[in-house]
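Hello,

The structure we spoke about is below. My notes on it follow.

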Amino acid sequence: MMNLLISKIHSLRRRIEVARGMRPADLLLRGGKVVNVLTGEVYKANIAICNNVIAGVGDYYRDGIEIHDAEGLYLLPGFIDAHVHIESSMLSVPEYARAVIPHGTTTVICDPHEIANVMGLEGIKCLFRSGRDIPLNLFVMASSCVPATHLETSGAAFSSKEIEEMLQWDGVIGLAEVMNVPGVLNGNETSLGKLLAAQKRGYPIDGHAPQLSGKDLNAYIASGVRSDHEVTSKEEAIEKLRLGMYLMIREGSVARNMEDLLPVVNQSTYRRCMFVTDDEHPHDLLNRGHMDHILRRAVSLGLDPVMAISMITINPARIFMINDSGAIAPGYRADIVAVNDLKDFRVKSVVKDGKLVVREGKLACDIPHVEDDMMKKTMRVKDFAPERFKIRINGRKVRVIELIRGQIYTRHAIEDVQVDDDGEVSADPSRDLLKIAVIERHNATGNIGIGFVRGFGLKEGALASSVSHDSHNIIVAGTNDRDMYKAVKEIIEMGGGHVIVKGGEVLGRLSLPIAGLLSNKSLEDVVKEEEKLLTIARGLGVRPVSPFIKLSFLALPVIPELKITDKGLVDVKRFEIVGIEP
């Protein structure tokens with residue numbers, strides 16, 4: 001213990017000496033323009049780094065042990081994504097790091113409730129293990145909704161006991177998005193116990209309250225929730241800001257709310273605002289970038305560049321109490337991004353913990369990959385026959401999940417259908433009316449929820465996936481029972497993934513063997529396989545740009561209006577299972 005203290009004193013003394021100009025820095029960034037998010041200024045200064053900490057900013061001209069020429073570049077604090085589900089990238093943690101670090105991201109605050117819903121606490125531990133020794137700060141919010149509701153079956157269930165355990169782990173810094181709004185408002189003991197566990201430690205609590213307003217919103221915030229990323233309108237944003245919430249402006253692959261919400265960001269409000277991705281998928285990571293893309297878009301829409309930078313650096317660092325990050329100043333962690341200008345934000349180099357990890361836009365360090373066989377054994381499905389997909393009704397009307405373009409919300413529609421002599425209703429591709437089913441895959445319960453969906457445009461065959469938020473049971477939509485059954489069987493044999501079937505034959509697949517959620521391949525390979533699937537899907541008439549993403553959100557029973565789980569159709573407004581007939 002004494003030796004450790006002596007080592008720390010030695011390290012601190014050395015940093016002070018570098019800051020005073022008495023000894024050379026380990027790394028000197030020379031000639032760049034510092035973007036100071038603490039004062040809103042931009043000015044030319046050198047940065048002296050000692051070990052993994054910024055020792056000084058200013059006139060440091062003595063040669064460092066290593067010198068990096070930043071002449072003509074702007075130096076920004078490392079970017080922070082304050083709310084993300086890494087699992088949505090379909091990449092392992094090391095591969096995700098390899099994808100985002102060249103775009104300036106040095107910190108992510110993730111809610112791992114996708115893998116937690118499949119593997120419980122062990123899944124989160126596996127995530128942490130796979131994130132060791134990578135140049136990315138991986139912080140976790142304790143997943144509050146495992147499962148998200150009582151209306152579905154997941155692979156685990158977290159009570160306040162599990163939350164309290166997680167909150168004691170290194171790297172866990174708060175309570176993740178509280179989706180069960182009815183549970184909070186109705187004073188559910190389990191829901192309130194989770195809130196109190198975080199409050200006891202003084203940790204921040206993320207919210208998830210789409211369209212919540214008035215007294216119910218007051219009550220939700222009064223429970224301790226302090227942020228929301230599900231805001232979609234200016235009016236909703238203003239109300240939540242007025243009531244003390246931090247506004248997470250989401251610009252991800254599916255939900256893109258920046259353009260609608262930027263009008264509320266001004267000199268009075270921007271310190272309470274952050275940009276987040278929530279869910280960003282492989283194609284977007286590869287082709288448009290990460291937080292650098294968000295900066296480009298925000299500035300192109302008229303936001304002041306320094307404000308925009310603050311919203312992905314100092315703001316989330318302060319809100320989530322990461323006190324050594326988010327700014328370029330003495331004593332802060334040496335996470336620094338050099339970009340060409342404050343419009344295009346093209347990342348030239350990245351310093352992570354005082355080490356150059358990106359040079360000329362390319363990764364300049366090794367990122368170790370970790371294989372964990374435990375994460376590949378998550379398919380437990382009770383055997384069933386194709387007949388389980390048959391739908392029989394007494395009348396001539398059915399509820400239909402209707403897709404909304406560009407949204408994860410759906411409409412709750414009622415449709416007239418044709419019924420045969422046995423009362424059976426089939427899919428009707430001519431009316432864009434497909435069957436949809438969710439098959440429980442964690443505990444072999446045999447649960448299968450079934451219904452109808454409109455908006456995919458599929459003319460033949462079936463699409464299936466083991467990615468279905470948030471419990472991640474197997475979801476399938478199709479024009480006939482035989483292809484739906486074949487698609488589900490293929491998912492089970494692969495150990496998870498996406499698949500397209502037509503005429504009993506598999507036309508394309510993307511394997512996701514890690515918990516049925518993640519690939520063990522590179523970002524580039526995942527994108528290639530995904531693009532092949534999309535080409536096949538379009539050839540079958542599929543309309544959504546990202547059909548498997550659309551499919552995945554149809555099983556999320558906390559986003560209005562009508563969804564489906566392994567327990568059946570869910571009327572989200574009533575928060576209950578409803579029959580297929582209205």
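In strand E28 (residues 497-502), Val501 is the bridge partner of Ala462. Helices (H or I, at least four residues) and strands (E, at least two) are DSSP runs, numbered from the N terminus. This is a predicted model, where local features need pLDDT of at least 70, side-chain atom pairs count only at pLDDT 80 or more, and totals for chains, interfaces and linings use all residues. Residues are numbered from 1 along each chain as its sequence is written, and side-chain values use heavy atoms, with hydrogens and water left out.

E26 (residues 462-465) and E28 pair in the antiparallel sense over four bridges; two strands pair if DSSP finds at least two bridges between them. E26 also runs antiparallel to strand E27 (residues 474-478), joined to E27 by four bridges, and there Ala477 is the bridge partner of Leu463. In a regular strand the side chains alternate between the two faces of the sheet. Both faces of E26 are covered, with Ala462 and Ala464 buried on one side and Leu463 and Ser465 buried on the other. Buried means under 20% relative accessible area, exposed over 50%, and partly exposed in between (1.4 Å probe, protein chains only).

Helix H12 (residues 291-300) has eight of its ten residues buried, among them Asp292, His293 and Arg296. Just after H12, Gly302 has a positive phi of about 105°.

In helix H8 (residues 214-222), Leu217, Tyr220 and Ile221 are buried. Lys215 and Ala222 are exposed, on the face of H8 turned away from its buried side. Gly224 follows H8 with a positive phi, near 120°.

Regards
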